[in-house]
Amino acid sequence: MLMSFFQRLFGRHAGGREEVHPNTARVAEALLAARRVAWTPEVGEGEGGIAASRFGGRPALRRGELHAPLCGVCSRPMPLWLQLDLESLPGDAKAMLPEALGRGLFQLFYCTREDCECADCGAFPANSVVRFDAINGSEVLRDADPADHPAQLIRGWKVRAEIPGDGEYPVEAAEGITEEDIGEFYNRPGSLSTMLPADKDKLLGWPDWVQGVWYPDCPDCGKPMAYLFQIASNDHVDFMFGDSGVGHVFFCAEHLKRATFVWQCC
Ligand SMILES: [Zn+2]
Ligand SMILES: [Zn+2]
């Protein structure tokens, strides 16, 4: 039964010459079992309210702040890339996140000024800030400076299922499976190709690694950080990371201050 299911999945006839190797079917089965939901944003023009979820635009500021956080390299206020009103995230997405991430605002700032050269390629670059703050709506101010990136208000989310990308095969399903078996699957993923990690902006799901798996370790507890959001080149923010790079936001549930944004390119 299972084999015929996978034969259908890979688009071949059970009686045809080219049969799916049992190990390839097992790899596919394990990847399907490890699937996750990802939410891709649906946007419209405009900034929305001060604390609305959006790409770009002017950031909501903390009480007492006069401008966006300063870049650790060029000391100028950094452009807002992404702001999420955590309370307004889809319920199923919130259920996947630690309770501390269920309220307030998430903000990603990243300095992309042409004359700002950041040589730090580590997991905690000085030219970006990721922060979670429980901001009381009545205290929120909007930055008065013009936005570097045009605002794209997030109006909703589209759900998609994703299997792990190459390099993230679940260890618990690895018995009797070789690297070649896994490679064989990724070379010809058949109809599961639509479930490979999307190379677009998205919340949760599986990362689309451009240069191999890289979860930074939290400097406080040493544990690998959790994946929160992906920012792809020229998707909702018009910027190319190197050569079609993809950026990722990571956090440690215990040490939210350590959240970080890193990107990889080809
Ligand atoms: Zn800078
Ligand atoms: Zn930690």
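**Helix packing and the setting of one residue**

Mentor: Two packed helices are described by the angle between their axes and by the distance between those axes. In this predicted model, helix H2 (residues 22-33) packs with helix H4 (residues 179-187) at an angle of about 75 degrees, and their axes are 9 Å apart. Because angles of 65 to 115 degrees count as roughly perpendicular, H2 is roughly perpendicular to H4.

Trainee: Which residues in H2 and H4 meet?

Mentor: H2 contributes Asn23, Thr24, Val27 and Ala28, which meet Asp181, Ile182, Glu184 and Phe185 in H4. The residues of this contact comprise four nonpolar, two polar and two charged.

Trainee: How many C-beta neighbours does Ala123 have inside 10 Å, and how is the residue classed?

Mentor: Ala123 has 17 such neighbours inside 10 Å, and therefore counts as partly exposed. A buried residue would need 20 or more.

Trainee: With which residues is Ala123 in contact, leaving aside neighbours within four places in sequence?

Mentor: Those contacts of Ala123 are with Pro216, Thr260 and Val262. Pro219 lies 96 residues from Ala123 in sequence, with a C-alpha to C-alpha separation of 9.9 Å.

Trainee: What is the setting of the protein as a whole?

Mentor: The protein has four helices and 12 strands. Of its 266 residues, 32% are buried. Among contacts between residues at least 6 apart in sequence, 70% join residues at least 24 apart.

Methods:
Residues numbered from 1 in each chain as written. Chains lettered and ligands numbered in written order. Predicted model: local features only at pLDDT ≥ 70, side-chain atom pairs only at ≥ 80, totals over all residues. Axes fitted to C-alpha atoms, helices over the stretch in contact; angles between N-to-C directions. Helix = DSSP H or I, 4+ residues; strand = E, 2+ residues; numbered from the N terminus. Parallel < 35°, antiparallel > 145°, perpendicular 65-115°, else oblique. Contact = placed C-beta atoms within 7 Å. Nonpolar A, V, L, I, M, F, W, Y, C, P; charged D, E, K, R; others polar. Buried ≥ 20, exposed ≤ 12 C-beta atoms within 10 Å, placed from the backbone.
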